[in-house]
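Here are my notes on the model, point by point. Have the viewer open while you read.

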Amino acid sequence: MEIWINPACSKCRSALTLLDAEGADYTVRRYLDDVPTEDEIRAVLDRLGLEPWDITRTQEQAAKDLDLKDREAWPRDASGRDRWIKALADHPKLIQRPIITADDGTAVVARTEEAVRDALSR
């Protein structure tokens with residue numbers, strides 16, 4: 001499995017601690033340094049079963065600068081999907097974290113212990 005993290009994030013550090021405690025085999029991706037491409041973001045969204053606006057950190061300064069809360073400029077439907085994905089690729093700090101891609105081809109936003117355990121069970 002792979003986990004996308006920001007080392008400054010306490011939820012990411014907690015997820016890593018739990019993965020280590022459970023002896024999980026995983027790869028760390030510091031997604032702010034190794035920025036995912038638009039195609040990688042699409043693939044993770046497919047695995048999550050979510051849309052890009054579902055994993056966007058709208059309280060970040062970049063979100064405010066882009067005015068992501070303006071639903072007319074940033075529609076949350078198929079017409080706006082590619083634009084949202086581009087925004088996440090251009091501003092990776094907007095991506096919710098941590099994200100774990102599980103061995104069964106699924107993924108979870110692992111912000112809770114339960115979500116990390118869910119990824120471990122797959």
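1. Ile99 has a relative accessible area of 0%, so it is buried (under 20% relative accessible area; exposed is over 50%, partly exposed in between, with a 1.4 Å probe and protein chains only). Ile99 sits in strand β3, residues 99–101. Strands are DSSP runs of E with at least two residues, helices are runs of H or I with at least four, and both are numbered from the N terminus.

2. A word on provenance: this is a predicted model, where local features need pLDDT of at least 70, side-chain atom pairs count only at pLDDT 80 or more, and totals for chains, interfaces and linings use all residues. Residues are numbered from 1 along each chain as its sequence is written, and side-chain values use heavy atoms, leaving out hydrogens and water.

3. Who surrounds Ile99? Setting aside residues up to four places away in sequence, Ile99 touches Glu2, Ile3, Trp4, Val44, Leu48, Ile55, Val108 and Val109; contact means heavy atoms within 4.5 Å.

4. Next, Asn6, in the loop between β1 (2–5) and α1 (10–21). Asn6 counts as buried because its relative accessibility is 8%. A polar atom of the Asn6 side chain lies 3.0 Å from the backbone nitrogen of Ala8. Beyond neighbours within four places in sequence, Asn6 contacts Cys12, Tyr31, Leu32 and Arg97.

5. On to α4 (residues 81–90), whose buried residues are Arg81, Trp84, Ile85, Ala87, Leu88 and Ala89. The cover over them includes α2 (38–48) and α3 (61–66).

6. How do α2 and α4 pack? Their axes are 9 Å apart, at an angle of about 115 degrees. Axes here are lines fitted to C-alpha atoms, for helices over the stretch in contact, with angles from 0 to 180 degrees between N-to-C directions. The two helices are therefore roughly perpendicular (65 to 115 degrees; under 35 is roughly parallel, over 145 roughly antiparallel, the rest oblique). From α2, the contact uses Glu38, Ile41, Arg42, Leu45 and Asp46, and from α4, Arg81, Asp82, Ile85, Lys86, Leu88 and Ala89. By class that gives five nonpolar, no polar and six charged residues (nonpolar: Ala, Val, Leu, Ile, Met, Phe, Trp, Tyr, Cys and Pro; charged: Asp, Glu, Lys and Arg; polar: the others, Gly among them).

7. Last, the α1 and α5 (residues 113–120) pair: the axes come within 10 Å and cross at roughly 45 degrees, which makes α1 oblique to α5. Ala15, Leu18 and Leu19 of α1 meet Glu113, Val116, Arg117 and Leu120 of α5. This contact has five nonpolar, no polar and two charged residues.

Methods:
Polar contact = N/O pair within 3.5 Å; in protein donor to acceptor, adjacent residues only side chain to side chain.
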